[in-house]
Amino acid sequence: MPKGEKINGSQDIDINSASEEQIQEARPVSRLYENWFLDYASYVILERAVPKYDDGLKPVQRRILHAMKEMDDGRFHKVANIIGQTMQYHPHGDAAIGDALVNMGQKDMLINTQGNWGDTRTGDSAAAPRYIEARLSKFAIDVVFNKEVTEWQNSYDGRKQEPVALPVKFPMLLTQGVEGIAVGLSTKIMPHNFCELIKGSIDSLNGKKTKLLPDFPSGGMGDFTQYNGGSKGGKIRLRADIKVVDKSTLSITSVPYNTTTGSLIDTILKANVSGKIKIKKVEDNTAKDVEILVHLKQGVSSDVAIDALFAFTNCEVSISPNCCVIINNTPRFLAVDELLKMSTDNTVGLLQKELEIQQSVLKDKWHFSSLERVFIENRIYSNIEDCETWEEVLSTIDKGLDPFKSQFKREIIEEDLVRLTELKIKRISKYDSLKADELIAKIESNLEEVQNNLNHLTEYAIRYFEQILKNHGKGRERKTEIAQFDTIKARRVAAANVKLYMNSEDGFVGTSLRKDEFVCDCSDLDDIIIIRQDGKLIVTRIGEKTFVGKDIIHAAIWKKNDKHMVYNAIYFDGRTGISYAKRFSVTSIIRDREYDITQGSDKSQLLYFTANPNSESEMVIVNLHNSVKARKKTFDFNFGELAIKGRGSKGNIVSKHRVRKVAQKEVGESTLGGRDIWLDENIGRLNTDKQGRYLGSFNTDDAILIIYEDGSYELANFELTNRFKLNEISLIEKFNSDRVLTAVHFEGGSRTYYIKRFHIETTTFGRLFNFISDERTSKLILVSSAENPILEYSYRTKRGEKKTRKENLVQFVEIKGWKALGNKLGNYLRMSGFKWIEELSEVNPEIDEVAKSELTLFN
């Protein structure tokens with residue numbers, strides 16, 4: 001370093017003659033910055049953002065609770081006063097303390113609140129600190145504080161003592177959840193259910209494995225299949241509860257975690273503006289309970305609208321948990337079940353310390369009570385009357401106790417002798433030996449109990465957790481329903497918000513070509529398939545105006561993996577002059593790449609082309625050119641004789657002569673048959689992925705029959721967007737108009753049970769028909785589509801005897817209209833225990849053996 005150079009504003013220093021202190025004082029700023037930044041990062045991680053595992057609290061939360069405990073007198077305190085008291089321990093100002101206090105109060109766990117504390121569901125903020133009040137909850141007083149086992153440290157200015165960690169005897173961190181962002185580190189721990197955490201702690205103490213799942217105060221539904229124990233890399237999906245009020249109104253009755261009603265409505269309106277969902281208006285009626293009414297436009301399916309809300313709005317959100325806590329002043333990533341075990345072990349350790357302290361206090365109490373009894377009953381106090389010095393007094397008492405020292409459990413020390421001299425004359429004169437013996441016996445009993453608890457510490461901890469559950473578990477049941485969500489494909493549920501047009505001659509397609517040929521209504525998320533006269537095929541995204549090549553003969557929405565969409569084509573090969581026919585499907589493709597339907601030769605072209613959504617074959621008339629020498633210039637060609645292959649297949653020869661014209665003669669049947677449909681009973685959705693129960697093979701005109709528990713039925717199509725609430729359904733199957741339904745129902749007017757057998761005679765889709773009485777107390781008991789249903793039920797005779805009866809319902813009642821009441825089951829008293837007792841006969845030959853047994857009732 002050059003002599004005389006000023007460093008950091010210091011005086012001129014000769015590096016050769018400078019002392020170590022001078023050189024240290026003159027360090028370059030760059031080195032200071034390195035250390036300071038590391039210190040700052042460590043401070044933010046350890047002291048602000050990431051909680052400790054043992055008490056589950058950030059420093060500001062810990063200081064708030066400590067301050068409230070110092071102020072606690074059982075009454076509410078102004079939040080402004082609590083903030084002022086906390087500022088003695090927390091160096092970051094009143095705003096940070098106030099926000100943290102409101103956050104803790106809104107969780108309704110450690111703090112009882114009074115006044116307007118805001119609403120996490122709506123995003124409303126709390127009133128000013130001078131207007132709201134708080135106090136420690138009974139739960140906090142029971143499990144958070146104990147001065148005897150608390151480790152203390154100086155506050156930031158050295159004037160006060162504050163806890164290093166509060167002795168929380170509960171997995172508080174997992175109950176409340178926490179989020180924090182530090183320098184290069186973050187934590188996001190989900191809240192979990194109070195009662196489930198206690199039961200998990202008990203299971204941990206019993207050596208059982210635990211599997212914790214989050215529970216959110218906002219309720220709703222959660223899919224935790226990818227939760228991964230709350231560790232980094234996991235994911236959870238949360239959905240709002242959406243109910244169908246009527247065919248044009250939906251009601252949202254909860255909001256996902258960390259979502260407000262206002263932000264949710266904003267996303268709905270945004271999706272409506274972009275055309276993803278079609279709604280008339282949104283009403284926010286949230287008060288005590290969340291209620292957001294979504295009014296749909298005419299013709300919009302409620303099932304599709306619900307899926308669109310999940311796909312395009314905050315009705316469904318994804319959260320990535322990241323469980324990170326401070327252990328021994330070091331951030332550590334771990335799973336929530338591991339954290340629960342550590343927290344449980346910490347609670348056991350705290351309970352042991354409390355018992356040991358209690359034992360020490362009881363031993364001291366027993367020791368002095370025994371010492372006092374010997375001192376008074378043996379009149380040792382009278383021996384000190386002639387003593388002249390303090391040392392002589394203590395020596396005399398000690399000598400008087402010598403014959404009895406073997407009775408004591410520890411050595412008698414000078415402090416014990418001093419305490420004996422402090423006994424008042426009134427105490428000595430009114431000493432009751434019997435009461436003293438009772439007191440000592442009680443202390444010994446308590447000591448024995450404490451020692452037993454220490455010897456059986458695990459059992460004691462289990463009883464402790466059970467007592468917490470009993471005292472504080474009421475009203476803390478699980479609020480978030482555990483469910484398994486299906487993956488909603490945005491293209492499938494997006495509303496048809498744009499119109500597709502094409503200019504076939506110039507080769508343009510798009511949504512802005514309003515003067516050209518209309519193709520179809522579609523979503524701006526859809527892909528479109530283009531077929532040109534020269535036999536080129538291309539799939540591209542919908543845009544305002546896209547050039548795809550001249551002479552377009554077909555444009556439509558393209559669906560990936562749709563094997564039922566089959567294209568029939570006859571093309572002329574420009575190289576050989578031969579005409580070929582082929583049937584093919586396009587299930588996967590690279591977007592914006594051209595593919596050949598022909599063999600790719602120059603002058604090749606399509607002579608005939610049709611798109612068939614359900615793999616229909618067809619018969620066509622082929623007309624050859626007049627100049628050819630063929631004897632038969634007109635003949636039929638049947639596409640049904642061709643196998644369905646890939647788009648690159650060559651095809652079969654139609655004619656080696658020049659073809660003039662090809663025209664359709666008739667449409668044939670579906671080659672691939674109907675679509676195989678399954679019902680996933682976990683989520684109430686139809687699928688073609690073989691998930692759940694097989695319903696059958698469905699052709700275009702087929703339907704699904706749904707019979708509800710309220711005694712109504714409806715016919716529904718087999719669109720994969722349909723949603724079924726299986727907890728409200730008694731029977732769901734492929735509809736067969738020839739199948740007979742058998743129902744047992746209770747008629748409320750006459751208070752009588754009836755049996756009816758009937759056909760479904762209606763054909764209207766999406767309309768409910770009630771097939772039992774409209775009386776208020778009428779209800780459906782059982783329903784079956786079996787050919788030979790046999791019913792078993794119990795009843796009481798007039799003498800009070802309980803009997804069981806079986807009825808063959810085919811013989812019991814004839815087939816009548818669906819509106820008929822049916823035949824009275826009998827005049828028996830107190831009929832109950834209705835059930836089918838014989839395995840139902842086959843009702844659908846397409847269903848396998850496993851599915852047959854599942855075809856009846858869900859309950």
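Guide: Two strands count as paired if DSSP finds at least two bridges between them. Helices (H or I, at least four residues) and strands (E, at least two) are DSSP runs, numbered from the N terminus. The model here is predicted, so local features need pLDDT of at least 70, side-chain atom pairs count only at pLDDT 80 or more, and totals for chains, interfaces and linings use all residues. Residues are numbered from 1 along each chain as its sequence is written, and side-chain values use heavy atoms, with hydrogens and water left out.

Visitor: In what order do the 4 strands of the open sheet lie?

Guide: The order is 20-18-19-23, with antiparallel pairing. Strand 20 (517-522) and strand 23 (546-547) are at the edges with a single partner strand each, so one side of each has no neighbour in the sheet.

Visitor: How many bridges join strand 18 and strand 20?

Guide: Strand 18 (residues 498-503) pairs with strand 20 over 5 bridges, in the antiparallel sense. Lys499 has Asp521 of strand 20 as its bridge partner.

Visitor: How are two packed helices described?

Guide: By the angle between their axes and the distance between the axes. Axes are lines fitted to C-alpha atoms, for helices over the stretch in contact, and angles run from 0 to 180 degrees between N-to-C directions. Helix 11 (residues 336-377) and helix 16 (residues 457-472) pack at about 105 degrees, their axes 10 Å apart. They are therefore roughly perpendicular (65 to 115 degrees).

Visitor: Which residues make the contact between helix 11 and helix 16?

Guide: Contact means heavy atoms within 4.5 Å. Helix 11 gives Thr344, Thr347, Val348, Leu351, Gln352 and Leu355, and helix 16 gives Leu457, Tyr460, Ala461, Tyr464 and Phe465. By class, 8 are nonpolar, 3 polar and none charged (Ala, Val, Leu, Ile, Met, Phe, Trp, Tyr, Cys and Pro count as nonpolar, Asp, Glu, Lys and Arg as charged, the others, Gly among them, as polar).

Conventions
Parallel < 35°, antiparallel > 145°, perpendicular 65-115°, else oblique.
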